[in-house]
Amino acid sequence: PPFTGPIVDQAGLLQAEQVAQLDRRLRQFTQAHGSQIAVLIVQTTHPETIEAYSTRVFDAWKIGRKQVDDGILILVAARAHKMRIETGY
């Protein structure tokens, strides 16, 4: 999925107010600390494993600062009841 902001909820699990509040907090965190956190919620990662999918999304979205590689992707696969946290180095 394209990166449209710190919160991408393709499964529609969060209400608009929740997305706005979390978006605001994650942007404030990035401004204060420099590190970037992104949250992606999908129904499933099938046919890929959640590990392969999260790595591919992390690399495509270029999360975090390039010099420090300090990004974090929180991926939730709702139907599969799985979650993965992908981190930079």
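These legends go with a set of close-up views of one predicted model. Residues are numbered from 1 along each chain as its sequence is written, and side-chain values use heavy atoms, leaving out hydrogens and water. In this predicted model, local features need pLDDT of at least 70 and side-chain atom pairs count only at pLDDT 80 or more, while totals for chains, interfaces and linings use all residues.

View 1. Helices here are DSSP runs of H or I with at least four residues, strands are E runs of at least two, and both are numbered from the N terminus. I50, Y53, S54, V57, F58 and W61 are buried in helix 2, meaning under 20% relative accessible area, with exposed being over 50% and partly exposed in between (1.4 Å probe, protein chains only). They cover an arc of only 130° around the axis, so they end up on the same side of helix 2; the arc is taken from the directions from the helix axis to the C-beta atoms. The buried residues of helix 2 pack against strand 1 (7-9), strand 2 (37-42), strand 3 (72-77) and strand 4 (82-87).

**View 2. A38 and its neighbours.** A38 belongs to strand 2 and, with 0% relative accessibility, counts as buried. Leaving aside residues up to four places away in sequence, A38 touches F3, P6, W61, I63, I72, L73 and I74 (contact means heavy atoms within 4.5 Å). A38 and I63 are 25 residues apart along the chain, yet 7.3 Å separates their C-alpha atoms.

View 3. Most residues other than glycine have a negative phi, and most peptide bonds are trans. Just after helix 2, K62 takes a positive phi of about 55°; K62 lies in the loop between helix 2 and strand 3 and counts as exposed because its relative accessibility is 65%. H81 also has a positive phi of about 55° although it is not a glycine, and H81 sits in the loop between strand 3 and strand 4. At 73% relative accessibility, H81 counts as exposed. Over in the loop between strand 2 and helix 2 you'll find P47, joined to H46 by a cis peptide bond with omega of about 15°.
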